[in-house]
Amino acid sequence: MMRSKVRFDGRQCGFSLIELLIVMIIIGLLASLVGPRLFQHVGQSKQKTARAQIELLGTALDAYRLDVGKYPTTEQGLDALRRKPADVDRWNGPYLPRDVPLDPWGNAYVYKSPGDHGDYDLSSLGGDGRTGGQGEDADVRSWEN
């Protein structure tokens, strides 16, 4: 059987409504100060992850070019790193251990070969899935790494 603590004057001990409200206000203030900083780091980490994945895909594309003699065409796409295209003879893949990953926002990477900025262009459209943007919505591009 549980007994509640009782003061000498006969009243039960506990927190008053005012004390609980003050604690809730303090917790709310702390969350409003710390929360935005944490979410800012989440956006930055997604940008860094996209850059790392683009570099990994670039390494796989370079290995493909060494074997085949050219980069996959835009039509073949990044899928040529996992599955042998029908019109390629010297394919020695797969060049990636798993399927081509989606970018950190769940969108497919945009691949173009020949590219406007080099032999190929590889990019992620950022958090908004559209060209351009700032912060987490900014594009991550292979030619800007």
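Contact here means heavy atoms within 4.5 Å. The model is predicted: local features need pLDDT of at least 70, side-chain atom pairs count only at pLDDT 80 or more, and totals for chains, interfaces and linings use all residues. Residues are numbered from 1 along each chain as its sequence is written, and side-chain values use heavy atoms, with hydrogens and water left out.

Start with the overall layout. The protein has 1 helix and 3 strands. Read from the N terminus, the order is α-β-β-β. Helices (H or I, at least four residues) and strands (E, at least two) are DSSP runs, numbered from the N terminus.

Two strands count as paired if DSSP finds at least two bridges between them. Strands of a sheet pair through backbone hydrogen bonds, either parallel or antiparallel. Strand 2 and strand 3 run antiparallel and are joined by 2 bridges. Serine 124 stands opposite valine 140 in strand 3.

Look next at serine 123. This residue lies in strand 2 (residues 121-124). Serine 123 has a relative accessible area of 10%, so it is buried. Buried means under 20% relative accessible area, exposed over 50%, and partly exposed in between (1.4 Å probe, protein chains only). Leaving out residues up to four places away in sequence, serine 123 touches Ile54, Tyr109, Val110, Val140, Arg141 and Trp143.

Move to the loop between helix 1 (17-68) and strand 1, where proline 101 lies. Proline 101 is partly exposed, because its relative accessible area is 25%. Again leaving out residues up to four places away in sequence, proline 101 touches Gln53, Leu57 and Tyr109. Proline 101 and glutamine 53 are 48 residues apart along the chain, yet their C-alpha atoms are separated by 8.0 Å.

Aromatic rings come next. The whole structure holds 4 aromatic pairs. Rings of Phe, Tyr and Trp (its six-membered ring) pair if their centres lie within 6.5 Å. Tyr64, Trp91 and Tyr95 are linked into a cluster by ring pairs.

Finally, the totals. Of the 145 residues, 28% count as buried. Among contacts with a separation of 6 or more, 40% come from residues 24 or more positions apart. The accessible surface is about 10,400 Å², and 57% of that belongs to carbon and sulfur atoms. Accessible areas come from the Shrake-Rupley method with a 1.4 Å probe; for residues, only the protein chains shown count as cover.

Conventions. Rings of Phe, Tyr and Trp (its six-membered ring) pair if their centres lie within 6.5 Å; planes under 30 degrees apart count as stacked, over 60 as edge-to-face and the rest as tilted.
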